[in-house]
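Visitor: I'm new to this structure and would like a close look at one part of it. Could you pick a spot, take me through it slowly, and then show me what lies elsewhere?

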Amino acid sequence: MEHLKPFGKPKFIDRGITKAVELLQEWDGGPVSGIGLIGMPLSKTSISHSGASAAPEVIRKMMNSFTTYSIERDVDLQFAPITDFGDITPHVTDLKETQARLEQVMEEVLKKNPGMTPIILGGDHSISASSIAAFCNVHGPVGIIQFDAHHDLRNLEDGGPSNGTPFRNLLERKKINGDHLIQIGLRDFSNGKTYRDYAKEQGITVYPMSEVNARGILGILEESIQQLQSQVSAVYVSVDMDVLDQAFAPGCPAIGPGGMNSDTLIAAIQFLSSHRAVRGMDIVEIDPAIDFRDMTSRLASYLILQFLLFRTSKP
């Protein structure tokens, strides 16, 4: 019937505009190349109150805020679909079962789609332990570039595998080597000396925000890629959105001053996505319930589009 529109459809349609959400194509079970989106909606493992389990849905929804056209590169992405694998269903009460399930499903998806580059939507940062473990099981030695205000190297005895322990978890399971982990954007008064000392013992490379500000992000990333690519078979990028200053990411449970600005993080993702050594990325630690006008989820969607743009087009 004229003038009646189904729920969820845009209220206004402009024939000259393609919304970015239209890039999301449901997986049909066949082999996938290009970018694949996978949700890991887990936040019960957060050491602070978090509704990050709702983020995968909201990040997808925020794709409606953007078009497929890049004015900067004069490229339209409307023919560069993103395969959406949906979300991995967590167990209702058993958190360790959920973490094992995330790893198992992720490994199955990677094995069935060797030409696919996954973007994983958390969830809190605990999901990275499962996702990266699966990556290692499939690809062999993996290097990690972690954007984060925190080390996430907390001990596993005090609270078990939480969002503060993913990289300690991977190191203790011998899934990764310390010298294959690069942490960028760590913030003052947000970590403990115990874990800084542990990072040194493990050979982890750490660039605090003071160094990012002094040297610039691109020089650090060039150095990081050069360090990793001769030692590993694939590079995985983990983006904890609390690496950003609280002004740019109000929807993070662990907001704070002195963080990265959004332009710096966008430039970093543009640079990394253009390197073929980078085979996957996750985006974590967004709680839509505390966000302001979905600013943080909107930025996450924008990072996905920039990753797709610089992955599929040349300057």
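Guide: Let's start at Gly160, which sits in the loop that runs between strand 7 (142-147) and helix 4 (166-172). Keep in mind as we go that this is a predicted model. Is Gly160 buried or exposed? Its relative accessible area is 17%, and because that is under the 20% cut-off, Gly160 counts as buried. For a sense of distance, take Gly29: it is 131 residues away from Gly160 along the chain, and the C-alpha atoms of the two are separated by 35 Å.

Asp152 has a positive phi of about 55°, although it is not a glycine. That stands out because most residues other than glycine have a negative phi. Asp152 counts as buried too, at 9% relative accessibility.

Asp294, in the loop between strand 11 (278-284) and helix 9, has a positive phi of about 60° and is not a glycine either. With a relative accessible area of 25%, Asp294 is partly exposed.

Helix 4 has a neighbour in helix 5, whose buried residues pack against helix 4 and strand 9 (205-208). Which residues of helix 5 are buried? Across residues 193-202, they are Tyr195, Tyr198 and Ala199. These three cover an arc of only 100° around the axis, so they end up on the same side of helix 5.

Leaving aside residues up to four places away in sequence, Leu265 touches Phe147, Val239, Met241, Val243, Leu244, Met260 and Leu303.

Leu265 brings us to a pair of helices. Helix 8 (residues 262-273) packs with helix 9 at an angle of about 30°, their axes 8 Å apart. That angle is why helix 8 counts as roughly parallel to helix 9. Among the residues making the contact are Leu265, Ile266 and Ile269 of helix 8, and Leu299, Leu303 and Phe307 of helix 9. Helix 8 passes helix 9 in a right-handed crossing.

Helix 2 (residues 95-112) and helix 3 (residues 127-139) pack at about 35°, with their axes 8 Å apart. Here, too, the crossing is right-handed. The contact includes Leu102, Met106 and Leu110 of helix 2, and Ile127, Ala134 and Phe135 of helix 3.

One last stop is Gly123, in the loop between strand 6 (116-122) and helix 3. The peptide bond from Gly122 to Gly123 is cis, with omega near 20°.

How values were computed:
Residues are numbered from 1 along each chain as its sequence is written. This is a predicted model: local features need pLDDT of at least 70, side-chain atom pairs count only at pLDDT 80 or more; totals for chains, interfaces and linings use all residues. Side-chain values use heavy atoms; hydrogens and water are left out. Helices (H or I, at least four residues) and strands (E, at least two) are DSSP runs, numbered from the N terminus. Buried means under 20% relative accessible area, exposed over 50%, partly exposed in between (1.4 Å probe, protein chains only). The arc is that of the directions from the helix axis to the C-beta atoms. Contact means heavy atoms within 4.5 Å. Axes are lines fitted to C-alpha atoms, for helices over the stretch in contact, and angles run from 0 to 180 degrees between N-to-C directions. Angles under 35 degrees count as roughly parallel, over 145 as roughly antiparallel, 65 to 115 as roughly perpendicular and the rest as oblique. A crossing is left-handed if the near helix is turned anticlockwise from the far one by less than a right angle, and right-handed if clockwise.
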